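Student: I'd like to go through this model with you, one question at a time. Where shall we begin?

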Amino acid sequence: MRRFLSVLAALATLSLTNCGYNAIQTNDEQIKANWSEVVNQYQRRADLVPNLVNSVKGFAQQEKDVLLGVTNARAKVGSVQATPEVLNDPAAFQKFTQAQGELTSALSRLLVVTENYPQLKSDALFRDLMSQLEGTENRITVARNRYIKSVQDYNVIIRSFPTNLTAMAFGYKEKPNFQVANEKEISSAPKVDFNPAPAAPAK
Amino acid sequence: MLQAKAFLLVLFLCWAPAAFADVAVPPLSGRVVDTTGTLSSDDVATLSRRLLDFEKRKGSQIAVLMVPTTQPETIEQYSIRAAEAWKIGRKKIDDGALLVIAKNDHKLRIEVGYGLEGALTDVTSRRIIDEVIAPHFKTGDFSGGISAGLTRMIVVVDGEPLPAPAPEASHGSDDLGMFLLNPFNPFTILFVLAVAGISRNLLGRLAGSIMAGGIIAAVVWFILGSIAIGVLVGGIISVLSFFVEIASPSQLGTRPGRGGRRGGDGWSGGWSGGGGWSSGSSSSDSGGGGGSFGGGGASGSW
């Protein structure tokens with residue numbers, strides 16, 4: 001009888017691992033860690049923006065509305081909370097990615113505008129800021145890719161048999177993934193207009 | 001007949017995507033990997049020697065990868081893939097840096113590990129590329145450019161305080177050890193059951209459980225290098241095997257001799273040695289030191 005019980009105990013331990021409860025936990029934590037990294041990198045970009053705006057202002061004051069657009073987008077990003085709870089709430093996740101997407105668009109508008117100012121482009125401070133911005137955008141991309149991969153692993157486990165039974169028993173749902181907003185806009189190449197912009201009306 | 005031809009055509013078209021496949025990351029055969037054949041073997045040896053000396057002195061790992069092109073990927077995408085595959089830099093310290101050159105694309109990138117991002121910042125990397133390496137490359141002097149760039153990178157990383165390089169052939173705890181020690185791992189459970197069962201059958205209840213505990217303690221000490229944890233785990237196993245009769249010979253279906261061999265086979269599976277290159281004399285590099293990368297560094301062109 002004791003022999004039987006001990007063998008049964010060993011089997012129970014083995015089957016728990018196969019039911020994937022531990023795997024779900026591991027993957028969930030991995031997602032949270034990767035999400036924190038994504039948020040961290042977005043924050044890093046947001047911190048760069050004021051310096052960028054100031055250095056551009058020194059050479060291109062007349063581009064007021066573009067600079068204002070960037071500042072406003074950054075303020076909006078700052079106001080959106082990005083905690084791990086965002087992952088469980090698709091609406092909040094959507095708001096977060098939308099705010100970040102707007103900052104991305106505002107920044108690319110700013111970059112297109114700076115093409116008109118060769119003095120600005122050769123300024124050492126501006127060049128340094130540009131390399132920092134490029135580095136940050138690259139880090140954001142890497143962090144997002146890792147997050148997407150970990151969400152994929154997690155969702156696969158949640159949906160595969162037999163671990164989906166464990167997931168249903170404990171109430172684990174699929175996690176949100178990054179959507180590409182405005183897919184149509186992105187599929188058309190951005191227009192770069194090298195003609196100098198008409199002089200802005202008197203301030 | 002026409003249908004068959006159409007079907008064959010569709011089948012062959014399925015191979016078309018292979019034409020757009022990403023460039024493979026070459027294996028880490030040395031510190032300087034050049035698939036374009038631009039660098040002479042002397043250059044490769046000299047540069048590798050310098051990087052090896054640097055690693056011995058500082059502990060940080062730097063490598064060079066030159067490929068003809070990274071299309072259809074951008075050099076950033078390719079570099080991070082290469083860095084994740086090679087894993088240069090020490091584990092948890094992440095002090096690796098990778099210089100990737102796409103010769104036909106005229107693009108290069110310095111990919112910097114997490115631990116070096118304080119020294120080789122994005123701005124510094126960009127400056128090294130623009131001011132040191134690109135001028136050489138523009139004149140076609142690839143070995144000179146790489147050498148000058150590495151010199152600069154070494155100087156920058158030297159200024160960064162990093163943990164001292166480990167003495168050679170240290171075990172540490174590596175993934176294989178952790179895999180084997182995880183108590184839920186079926187192999188571990190079977191191994192412990194086998195050891196306990198055999199010891200009890202060989203020596204009787206008391207002595208057998210003590211011996212089982214001793215064996216497990218020795219194994220844990222070997223993996224983790226900590227006697228205290230080994231004694232603790234061994235003690236637990238002793239107590240458990242004293243009270244719970246795990247298996248009889250008929251259940252295991254073995255004579256003690258065969259059982260012992262099976263226990264031994266379960267163990268001999270693999271000890272690959274800790275770390276990656278630090279022994280220096282090993283000719284086969286199965287990978288770097290386990291460092292990870294976050295996408296830091298800078299790209300440039302010439």
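Tutor: Let's begin with a definition: accessible areas come from the Shrake-Rupley method with a 1.4 Å probe, and for residues only the protein chains shown count as cover. Residues are numbered from 1 along each chain as its sequence is written, while chains are lettered from A and ligands numbered from 1 in the order in which they are written. The model is predicted, so local features need pLDDT of at least 70 and side-chain atom pairs count only at pLDDT 80 or more, whereas totals for chains, interfaces and linings use all residues; side-chain values use heavy atoms, with hydrogens and water left out.

Student: How many helices does chain A have?

Tutor: Helices are DSSP runs of H or I with at least four residues, strands are runs of E with at least two, and both are numbered from the N terminus. From that end, the elements of chain A run α-α-α-α-α-α-α-α. There are zero strands, and the helix count is eight.

Student: What percentage of the residues in chain A are buried?

Tutor: Buried means under 20% relative accessible area, exposed means over 50%, and partly exposed lies in between (1.4 Å probe, protein chains only). Of the 203 residues in chain A, the buried ones make up 35%.

Student: Is A:Thr114 buried or exposed?

Tutor: A:Thr114 is found in helix α4 (residues 90–114) of chain A. Not counting residues up to four places away in sequence, A:Thr114 touches A:Val56, A:Leu120, A:Lys121 and A:Phe126, where contact means heavy atoms within 4.5 Å. Its relative accessibility is 4%, so A:Thr114 counts as buried.

Student: On to chain B: what percentage of its residues are buried?

Tutor: Chain B has twelve helices and five strands, and it exposes about 15300 Å², with 64% supplied by carbon and sulfur atoms. Among the 302 residues of chain B, the buried ones make up 41%.

Student: How many salt bridges are counted between chain B and chain A?

Tutor: In terms of contacts, 26 residues of chain B meet 21 residues of chain A. A salt bridge is a side-chain nitrogen of Lys or Arg within 4 Å of a carboxyl oxygen of Asp or Glu. One of them joins B:Glu117 and A:Arg139, whose closest N and O atoms are 3.3 Å apart. The count of salt bridges between the two chains is six.

Student: Which element gives the largest share of the side of chain B that touches chain A?

Tutor: The elements of chain B that give two or more residues to this side are α4 (75–86), α5 (122–138), α8 (186–203) and β5 (293–301). The largest share is five residues, and the element that gives it is β5(B).

Student: How many residues on that side of chain B are charged?

Tutor: Asp, Glu, Lys and Arg count as charged; Ala, Val, Leu, Ile, Met, Phe, Trp, Tyr, Cys and Pro as nonpolar; and the others, Gly among them, as polar. The side of chain B that touches chain A has eleven nonpolar residues and six polar ones. The charged residues number nine.

Student: With which side chain does the side chain of A:Arg146 make a polar contact?

Tutor: A:Arg146 is found in helix α6 (residues 124–159) of chain A. Leaving aside neighbours within four places in sequence, A:Arg146 is in contact with A:Asn34, B:Ile80, B:Glu84, B:Tyr114, B:Phe293 and B:Gly294. A polar contact is a pair of N or O atoms within 3.5 Å; within protein, one must be able to donate a hydrogen and the other to accept it, and residues adjacent in sequence count only if both atoms are side-chain atoms. At 2.5 Å, the partner of the A:Arg146 side chain is that of B:Glu84.

Student: Which residues does the cis peptide bond join?

Tutor: Most residues other than glycine have a negative phi, and most peptide bonds are trans. B:Pro72 is in the loop between β2 (61–67) and α4 of chain B. Omega is about 5° in the cis bond, which joins B:Gln71 and B:Pro72.

Student: What is the relative accessible area of B:Lys92?

Tutor: B:Lys92 is found in the loop between α4 and β3 of chain B, and its phi is positive, about 70°, although it is not a glycine. B:Lys92 is exposed, with a relative accessible area of 75%.
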